[in-house]
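I opened the model to look up a few points. My notes follow.

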Amino acid sequence: MNINPYIIEFLQVAVVIGLAPAFVGWIRMLKCWFQGRTTAGLFQPYRDLRKLFSKEIVLAHNASWIFRFTPYLLFGTAVLAGAIIPILSIDLPLAATADVIVLIALFAIARFFLALAGMDIGTAFGGMGSSREMMIASLAEPAMLMAIFTVSLANKSTSLAEIVQVINSGQMMLRPSLAFAFIAFILITLAETGRIPVDNPATHLELTMIHEAMILEYSGRHLALVEWASMMKLYLFVSLAIAVFTPWGIAVKGSLAGLPAAIGFMIAKLGIAGLIIVLIETGLAKMRIFRVPDFLGVAFLMATLGMLSFFILD
Amino acid sequence: MREMFDALNTAIGKEARFFGPDFEAPVLSCVVPKERFYDVARAMKKIDAMLAAEWATDESRLGKGFGIYACYRLRSQYLIVRTDLSADDPTFPSITKRYVPAYRFERQIESLMGLTPVGHPDTRPWIKFEDWPTDAWPLRKTFDASKRMPRVKGKYAWISFEGEGIYEIPVGPVHAGIIEPGHFRFQAVGEHVMHLETRLGYVHKGIEKKFEELSWIEGARLAGRVSGDTTVAHSLAYCMALESMTGCTPPPRAQWLRALFLERERIANHIGDLGAICNDVAFTFILYQNMRLKEMIVRTNRTLFGHRFMMDRVVPGGVSADIDSKGIKEIEDQLDYVSDEFERLVLVLDDNASLEDRTRDTAIMSKEMAMDLGMAGFVARASGLDLDCRKHHPFPPYDRLNIKVPVLMAGDVHARVWVRVEEIRESFRLIREILKSLPDGPIASPIKLPKRVATGFAAVEGWRGEIIYWLQAGPAGEVNRCMVRDPSSICWLGLEQSVPFGNIVPDFPVCNKSFNQSYSGNDL
């Protein structure tokens, strides 16, 4: 039985918006267990969001439109990215409009505005966070492009849907180039989504913050949207890695029957991804900020090696 | 003793008038003419004595003007040098040029007592705020603390940098965590800290003034509240100073119990610190495990001694909480469990390369710097200075306990972590030994209070380091002055001075936590 792809598209966006907090909740739960603590439950991020939405906004007098606009932009780009990445199905109408380069540009737009918003109020911490974020971005984005290009080379396309299609249909055997790209992508994901060892999402220490420093001045609804968008970003990066490197189980063109299985596979893979993130985070301290270039340099090197090995071995 | 005596003699000869100790502590005291005060500092510096404290007294009730005191320490010996100032010439020669710690002591003397250090490079107030009237000197007897102080307009002259790419980051006084207030102002280029200026005084409560309104007995309770996490050591130092004034000796059991309390306080705080340091580099596993161990210890304190931090358990003349054989068993059992768990956590701490990468070479305080700044406690011991009052200036029962003091040379955060680890291990051993040889008998003896002018002095090694109390009784035996010197009064300067040497802004929290000084103990 066939189903209108627009319905699947709609369902996928709803899943991204709705499940992103649960994924963060899952990571926090695992982390608590690893540290021998009791957890606040899977649904604590939802409660946090509800709390923030019901609080009033405290806005600095000198806040410009950038500051007020950025939360909506962050949320909007995250939703749009959620519509492009093949998470539940390959057959997404919107996926055809944008390839992987556009996707990275979408994240770059969000980051650009977030960095501007961090500096907008003029506090010391905001500017500090923006400068650090940009340092990391300038290193992470080339590495990410490189990793994605390696995958594209192997699949002869920059369209996500086609990449996933090719890998999923088993036309491609395991290639060393993909293994290198995968390692690079994990490192980039940790940096891009502000996880340990690059940034600490749970810290209260302003001087050490990167992402959190930029959003220190946000409150109420604005903060809720920013937080939600960053939960979605984590969800999307993990989903992107899953889609590109281990898409097995994803629903193919227009089949309704594949959908429940696709959702099941997605949840299982996210569960495992959460475990990997927590294993890394529990075992490592945050690195000194000037070690981050080395860290991302390794990611870039891995991606480059992937590309080289493609030309040499294939 | 001999060395300091000789140095003093060569420097100023017969002009120093020694007077016998009117208390039992081995403290040499002398009066020197005002113009010789600086010469003494120079002579002391020459023999590498450290300045432990400098303070002033208002002695109008004793029929005199003001007194300036400097307390020097050479290994295990203390020397207190006094000089008298007349009421109409409230100035004294600054010794900051010889001794860096005097930098803040003298600013504080000027701010709170209104005596001007001549030759001091920095005349800005310290602890006192810019909106206090210029003639508001709380420690003078003429100052009425019960009245509301009028506020005036004022401005604090921050040190500021100018130039391409200089970035000023003000942090505090209100911080994001549940900690006390203090202001840190960084001048940074990129992430590199060029200069750090600390401003404290936000928790100034007028404690030294308050002592003068209380009786000697009530003072012990106030001393226990100078810095909440060091309540045992502070009340112990106060009580010992008071006891030294009247030659009162607490019964042996009380002395051993005091040591037990002191070591338990040290273990609880050091374990908490280790967790907090790891948390500041986002290694939260150790934080939560250490919090659990610390909580177990303080809960046992509550069940056995009636208070989680053992506040008010050390009283003048002895202690107010005893322990029975069941309690001893409970402590020993818990100690076995806690020390096993602690050793497991130390393995994790030791094995983690990413953690070591953050702590090594961060906030280095060299041995020379630690000497110059007169550091105390674990900060000094992490920088190669073998200083511990329990060993060098032992009070009973430490004279019978044969203490091993860990000394490390690196002076970085890593060294301060490992000095704490070793001290915790040593304290585990000490507690076992104390419990084994706890003598029987009463836990308190009646305290004699001073009836005339007298002074008392005591130095106790709290978990942060050497705490000094100096008490002075007035003509009727009342409290005329109570000088409190928490190690924070000097070690805060150590933090400020060690950070700008090659450290970056995001490393500051862990540098700060590795020092973990008390705001309250400094601001008083």
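I began with chain B: the centres of its domain 1 and domain 2, taken over C-alpha atoms, are 27 Å apart. Domain 1 covers 2–118 and domain 2 covers 207–523; the bounds come from an automatic or database domain assignment. This is a predicted model, where local features need pLDDT of at least 70, side-chain atom pairs count only at pLDDT 80 or more, and totals for chains, interfaces and linings use all residues. Residues are numbered from 1 along each chain as its sequence is written, and chains are lettered from A and ligands numbered from 1 in the order in which they are written.

I then checked the domain contact. In chain B, 21 residues of domain 1 are in contact with 26 residues of domain 2 (C-beta atoms, placed from the backbone, within 7 Å). Strand β3 (residues 50–58) of chain B gives the most to the domain 1 side, with 6 residues (strands are DSSP runs of E, at least two residues; helices are runs of H or I, at least four; both are numbered from the N terminus).

Next I looked at two helices of chain B. The axes of α6 (residues 231–246) and α7 (residues 252–280) come within 8 Å and cross at roughly 145° (lines fitted to C-alpha atoms over the stretch in contact, angles from 0 to 180 degrees between N-to-C directions). I found B:V232, B:A233 and B:L236 of α6(B) meeting B:R258, B:F261, B:L262 and B:E265 of α7(B).

Last, I turned to chain A. I noted that A:G122, with a positive phi near 90°, follows α4(A). Across the chains, 22 residues of chain A are in contact with 26 residues of chain B.

Key:
Two residues are in contact if their C-beta atoms, placed from the backbone, lie within 7 Å.
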